[in-house]
Amino acid sequence: MMHNSILNTDSYKTSHFNQYPPNTVNMNSYIESRGGKWAQTVFFGLQMFLKEYLCTPLSAEHIAEAETMLKAHGVPFHAAGWKHILDHHGGFLPVVIEAIPEGTVIDVKNCLVQIRATDPACFWLPSYLETALLRGVWYPTTVCTLSHEIKKLIFTYLERTADDPAAEIDFKLHDFGSRGASSYESAALGGVAHLVNFKGTDTVIGLAAAKQYYHCDMAGFSIPAMEHSTVTSWESEVSAYENMVETYGAPNALYACVSDSYDIYTAIEYIWPRLNEKVLAKGGTVVIRLDSGDPVTMVRDSLETLMQKFGFTTNSKGFRVLPQHIRVLQGDGVNEESIEQILSALHDAEISASNLAFGMGGALLQKMNRDTLKFAMKCSAIQVNDNGHTYWRDVFKNPISDPGKISKRGILAVNAYDGTHYTMKTSPEFNETNCLRPVFQNGELLVDDDFATIRERVQNTIAS
């Protein structure tokens, strides 16, 4: 299906062009997180949307396709408006979009994106684009925020229990979510959003998105790893593990072996100790993956057993660490809550978080929606022409039945003071201290951040 921005909307939007006051010449709309699960968001993903959808002009074919479909659908079609865009703007949408820099960690209830028209004849465009623009922002921002919250959580336990937290954190949460995402595009958007915070992933299309939209040749890494079929297809479980050691063992190498296809206790009490000398001789680190059972119990008990069999050292903070050639990966039932429960249990048992990494699937890329962070896009002002005099007038909603849905009013600016952001009314000409910066205008991308820059903005918010 070709991209057609006219169809990238909700049906009722097609009838709105003639529902505004007749003297309207512009409107201002904005996007915010109105609250939700976390107190802050990590803004991310707008640049992908702009490049993919708004930097390509509409054509006469797009207009004809939309007219045929929408009229048959039973809704109005603003043929004159779309033809004006084609004839006067070469098919590029005459809007200006402002946004805070991607990778900014910002309190909820602040403006993240703001959009206005640049042609009075197309004043209705900001609202028409709500469906596509909001969707292009809420999902990658929510995934990026979740990943960031987990990074902060893991880093807290590393600070308490590990000698060098900064050296370990980047690979503590691995993205297993591609197969659980709703679509190829969702996996790409969510996968690259996770990579803003971590460097471990099995979502290959997330890497492609980082390269295509953010100029990053390689944003994440993975290692050779077994699945259950590469264990159970062997007549001997021991032979399956031996094959992995022989094939992928090498100095400084890492490889993961799922070890609960049958009996995890047998695997860690008898099979892996039997293979210990071979693992040491080949070099590298074998990562034993746990994939069933209660996550807290399995991780704690498995690490205790491995320490009994392989020994351990005590680090400078008084926590136990396995020998470098063996580690554990929890890949089942992983979410923000279970990660905290696991790390807390290990802390109480004086086991360092250095021993463990997590693999997170559907809970990372799929178990969320627009209401997770209560995302909304609302009109906050319209510009009217009163006998040749134009001025901006505030627009807002204030439902008596739900104060949480009160919207902002006016042209907005976001200012930062002492590490905190504040959204306030301003004017279109005010830019001196505004964190909102123009990123798109009339088909032209004005900001093209690279992935390293975005990562640096986020990294600066993690304690070191």
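How much space lies in the second largest pocket? About 780 Å³ of space lies there, where a pocket is an open set of points on a 1 Å grid over the protein atoms alone, reached by a 1.4 Å probe, with protein on both sides within 12 Å along at least five of seven lines. This is a predicted model, in which local features need pLDDT of at least 70 and side-chain atom pairs count only at pLDDT 80 or more, while totals for chains, interfaces and linings use all residues. Residues are numbered from 1 along each chain as its sequence is written, and side-chain values use heavy atoms, with hydrogens and water left out.

**Lining of the second largest pocket**
- Two or more lining residues come from each of the helices H1 (46-54), H2 (60-73), H5 (130-161), H7 (184-195) and H8 (204-214), and H5 gives the largest share, six residues.
- By residue class, the lining divides into 20 nonpolar, 10 polar and four charged residues.

**The protein as a whole**
- The protein has 16 helices and 19 strands, which are DSSP runs (H or I, at least four residues, for helices; E, at least two, for strands).
- Of its 464 residues, 54% count as buried, that is, under 20% relative accessible area with a 1.4 Å probe.
- Among contacts (heavy atoms within 4.5 Å) between residues at least 6 apart in sequence, 75% join residues at least 24 apart.

Notes
1 Å grid on protein atoms, 1.4 Å probe; cavity = no way out; pocket = protein on both sides within 12 Å on 5 of 7 lines; lining within 4 Å. Points joined across faces, edges and corners; volume = space filled by probe spheres on them. Nonpolar A, V, L, I, M, F, W, Y, C, P; charged D, E, K, R; others polar. Buried < 20%, exposed > 50% of the residue type's maximum accessible area, 1.4 Å probe, protein only.
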